[in-house]
Amino acid sequence: MRNFHSPYFRDSSDSEDDAEIDFEQLGIPHFLAARTEEILELVEYSSDGEDGFAATPAMSVAFDSDTESSSSDSDSTDSEMEEPFANARRGNKDDPAKRTSNGEGTSDSDSGSDAEDSSTGDKNEAAKKAPDGENSSASGQSHRVIDDYDEEMEEDDVIKAIISEIKKPRSKPPDIQMEDFVVDLSFHPSKDILAVGTSVGDVLMYKYSNEKNVLAATHELHTKACRCVEFTRDGTSIISTGRERSIVVADTETGKFKMFWEAAHDEPVYSMAVLGEQLFATGDDDGMVKLWDLRQKDAVFSLRPVEDFISSILSNDTQQKYLLMTSGDGLLTTINIAQRKMYVQSEPYEEELNCMGTFKRESKLVVGTSKGNYYTFNWGQFAYHCDAFTGPKASANRMVPITEQIAVMAGEDGVIRAMHLVPGRVLGIVGQHSMAIDAMDISGSGELIATSSHDNDVRFWNIKYFEDFDGIKYNSKPDKRTLKHNLPSSQRVNAKDFFAGLNE
């Protein structure tokens, strides 16, 4: 059965916070609700599984791929996913979560037969209009029956509005369906290229656009699973690490090796950060951190300040005096780069420190934890936090700063949230996956973020609307409803907002 993410559809993968829409409570007549469902049955997809419409603030609908297995296969799928879930945080981020790739599964033909009968005539009309031999792959765009439907034929203004919203142009690239488990993502700093590191050791280079995504190249860089993927500052090279403990610097276009360290660490690399034009740092599963220079054959220096995996690495862009690391043993460690020794180590926290980012012109450092807590440090004072707040209960897996005060957070619950971190409050939901999110990055233009989950899908979210958030009063009292509030980039629409004018 397809996953129909419409404003009034709820399937088993949706969060419990997303309440079902009761048409009667919203004051919508039963016949209007039924008519709306008929209209949405017109949305069809081509065989490549790409959707053909934008996730708009007023109305947004999405399908998963046409080959998704039915609920009868869920037991076997859950058993296959169980091991990667258990190992995801503790240094085993490369364990592939195999999904059923044959796409065979029984669909609920009985329940769908009525809808098929009702839309047969419209489908036939659309087929007559399409030129002979033309299909979605040839034209580069997914064709939908809804595009051939004339909303002016409808008498109801609400139905017209729904159809108009669905037919709006895309505001983000379509999802990428991956065959292998996605370990890491990295946007090119200046071109519309996304690098995807996989569990089989390949780095796939996708050219993306709002119409379609094209696989430009496949670089076979590692004999085992990739761990980290990052572009260099100029975008001419890509740095990747593998489970076989190697580090590769390869040409972005050809995949030809520029630098290669066969046994860069004693343990596989868990995290990596590009610090400058020539410098990058890596941290492994055993607490060892190393600083590398692309012009040198050996590491600049190495240090083992902790005994657990290093979850994230960061340095500020202005001075680059300190190298900061969070680790699984609950420590924030700071290294003086010039002196090549440890500067200070924080008091231990009784939770894993997973991610961090700088805000307020790099005067504040915010760290996210496995228990959903957020600790704020004054820059240069890393021994103990100066402020703290509790966010959603789900683990904060990834953090991407997008303004001087706002970050996008990816959680263990599969929800991507926008959070104002200084002071702390949740602004709303940017997007969602059905499973935990392992990788996230922001484009060079700052308009898109890409995320990947255990379901092997790479999804894009347009966050350009944050440019209009400057007028928000951030110091006002936080509203608990924002924990469930869907922002314009989300695939789901807020029922209260969409149906607000029906009773006027």
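Strands are DSSP runs of at least two residues assigned E, and they are numbered from the N terminus. In the predicted model described here, arginine 459 lies in strand 28, a strand that covers residues 457-462. With a relative accessibility of 4%, arginine 459 counts as buried, because the term applies to residues under 20% relative accessible area.

The side chain of arginine 459 takes part in several contacts. A salt bridge joins arginine 459 to aspartate 175, with a distance of 3.7 Å from N to O. Since aspartate 175 belongs to the loop between helix 5 (157-166) and strand 1 (176-177), whereas arginine 459 belongs to strand 28, the pair ties together parts that are 284 residues apart in sequence. Both arginine 459 and aspartate 175 are buried. A salt bridge is also formed between arginine 459 and aspartate 457, where the closest N and O atoms are 3.8 Å apart, and here again both residues are buried. Through these shared partners, Asp175, Asp457 and Arg459 are joined by salt bridges into one network.

Aromatic contacts were examined next. A pair of aromatic rings is described by the distance of the centres and the angle of the planes. The structure holds 15 aromatic pairs. In one of these, the rings of tyrosine 208 and phenylalanine 460 have centres 5.6 Å apart and planes at 35 degrees, so the pair is tilted. Tyrosine 208 comes from strand 4 (residues 202-208) and phenylalanine 460 from strand 28, so that parts of the chain 252 residues apart are linked. Both tyrosine 208 and phenylalanine 460 are buried.

A tilted arrangement is also found for tyrosine 270 and phenylalanine 309, which form an aromatic pair with 4.7 Å from centre to centre and 45 degrees between the planes. Tyrosine 270 is located in strand 10 (residues 269-274), while phenylalanine 309 is located in the loop between strand 13 (301-303) and strand 14 (310-314), and the pair links these distant parts of the chain across 39 residues. Both tyrosine 270 and phenylalanine 309 are buried. Elsewhere, ring pairs link Tyr322, Tyr343, Trp379 and Phe382 into a cluster. A contact of another kind involves tryptophan 461, as the charged end of lysine 172 sits over the ring of this residue, 5.8 Å from the ring centre.

Some of these residues can be set beside the record. In the model, the span of residues 430-464 is 0% helix and 60% strand, and the C-alpha atoms at its ends lie 11 Å apart.

Note on methods. Residues are numbered from 1 along each chain as its sequence is written. This is a predicted model: local features need pLDDT of at least 70, side-chain atom pairs count only at pLDDT 80 or more; totals for chains, interfaces and linings use all residues. Side-chain values use heavy atoms; hydrogens and water are left out. Helices (H or I, at least four residues) and strands (E, at least two) are DSSP runs, numbered from the N terminus. A salt bridge is a side-chain nitrogen of Lys or Arg within 4 Å of a carboxyl oxygen of Asp or Glu. Buried means under 20% relative accessible area, exposed over 50%, partly exposed in between (1.4 Å probe, protein chains only). Rings of Phe, Tyr and Trp (its six-membered ring) pair if their centres lie within 6.5 Å; planes under 30 degrees apart count as stacked, over 60 as edge-to-face and the rest as tilted. A charge sits over a ring if NZ of Lys or CZ of Arg is within 6 Å of the ring centre and within 35 degrees of the ring normal.
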